[in-house]
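Reader: I would like to go through this model step by step. Please show it, and then I will ask about its parts.

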Amino acid sequence: SDSVRLVGGIGVDSPLLVSVGVRLTGGNGTVARWLGRAQGMLGKLASDLTFSSYRQLASSSSTLVSLPTYQRLLVQLSNASSVAMEIDGAAMRGRAGARTSDDVAIKVEKLFVRLRDGASRRQREEVISSLRNFIRDDLTQVIDTDELVVSTGTAIAALQYFFIVVTVIAIVLCFFVLWLSFTANIRENAWEFGVLRSLGLSAAQVMRIYIYESSALIFSALLLGTAVGVLQALTLTLQFALFTELPITLDLPYQLFAVVVVLSCLVAWAGSYWPTRKIANKRIATVLKGL
């Protein structure tokens, strides 16, 4: 882990003293030491959260070794012990003479199988069925990563469509609220509408003034809402990245954002056009009298 480099000054160019302690079945213990060298320092590993670049996690960091190296270490530890012991579940009870790699069985917690590029779904299912033939308990599972990614993508797409439907419903409700608001506003300011008409402005020009006013409100709300939403998302993502140490990527829901922008513009224009159309058809004198 990269945290060990920060704490102990260990790097790929410095030799390491590897100490492995073994607890024997009789209650005693033994420690074996080797001289080694690190091939690389990991700051983060997706499948193992013990790898970190924070120095506070150096004591709980893990070490990766190859299977042949791990098996060779087990054999040397087994031969260095004078009594029967058990290493990672490999029973070594009362065997005389030096032990070889055939005497040490390595138990694997996780096994990653990589198929060739372009493997079909049927081929993956055949491999999964073949692996399940060697499983003798209910705790061991075989997971198809590609199938899991596809299922996750389908769930995300369905959730996206659900958000779009909810957005459409909210926009429709906002249309009625905006319509009532502009209707009340135009009724209260009908005298201003008549004054503008008497100054020489046509009905279409006055209607455009109200449409521009609603458009300015909608666009300012869109800009401020987008800025606040992006800043809030970045803040939460940065807090999450402090623990996971994963790279930050901006994934903006373009479809949902486009739907919101288009429907908001339509609602702004329709909500301001229909209330002003009714008063625009009246005579100037009637509007000024408030009739």
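Reader: In what pattern do the elements follow one another along the sequence?

Author: Helices (DSSP H or I, at least four residues) and strands (E, at least two) are DSSP runs numbered from the N terminus. The protein has 8 helices and 4 strands. Read along the sequence, the pattern is α-β-β-α-β-β-α-α-α-α-α-α.

Reader: What are the ground rules for the numbering and the values, and what is the mean pLDDT?

Author: Residues are numbered from 1 along each chain as its sequence is written, and side-chain values use heavy atoms, with hydrogens and water left out. The model is predicted: local features need pLDDT of at least 70, side-chain atom pairs count only at pLDDT 80 or more, and totals for chains, interfaces and linings use all residues. On pLDDT, the predictor's confidence in each residue from 0 to 100, 85% of the residues reach 70 or more, and the mean is 76.

Reader: What percentage of the residues is buried?

Author: Buried means under 20% relative accessible area, exposed over 50%, and partly exposed in between, with a 1.4 Å probe and protein chains only. The protein exposes about 21000 Å², of which carbon and sulfur atoms supply 62%. Of its 291 residues, the buried share is 23%.

Reader: How far apart are the end C-alpha atoms of helix α4?

Author: The expected span of a helix is 1.5 Å times one less than its number of residues. Helix α4 (residues 145–188) has 44 residues and should therefore span 64 Å, which agrees with its end C-alpha atoms being 63 Å apart. At its N-terminal end the cap is Asp144, with a side-chain oxygen 3.4 Å from the backbone nitrogen of Asp146.

Reader: Which helices do the buried residues of α4 pack against?

Author: The buried residues of α4 include Gln160, Ile164, Phe182 and Ile186. Their packing partners are α5 (190–198), α6 (203–244) and α7 (254–280).

Reader: Is Ser214 buried or exposed?

Author: Ser214 is in helix α6. Leaving aside neighbours within four places in sequence, its contacts are Phe182, Ala268 and Ser272. Because its relative accessibility is 1%, Ser214 counts as buried.

Reader: Which residues does Met207 contact, leaving aside its neighbours within four places in sequence?

Author: Met207 is one of the buried residues of α6, and the buried residues of that helix pack against α4, α5 and α7. Its contacts are Tyr273, Thr276, Arg277 and Ala280.

Reader: How far apart in space are Thr244 and Ser52, C-alpha to C-alpha?

Author: Thr244 lies in helix α6 and is buried, with a relative accessible area of 17%. Thr244 and Ser52 are 192 residues apart in sequence, and their distance in space is 8.6 Å.

Reader: Is Leu250 buried or exposed?

Author: Leu250 sits in the loop between α6 and α7. Its C-alpha is 9.1 Å from that of Ala233, 17 residues away in sequence. Because its relative accessible area is 65%, Leu250 is exposed.

Methods: Accessible areas come from the Shrake-Rupley method with a 1.4 Å probe; for residues, only the protein chains shown count as cover. Contact means heavy atoms within 4.5 Å. A polar contact is a pair of N or O atoms within 3.5 Å; within protein, one must be able to donate a hydrogen and the other to accept it, and residues adjacent in sequence count only if both atoms are side-chain atoms.
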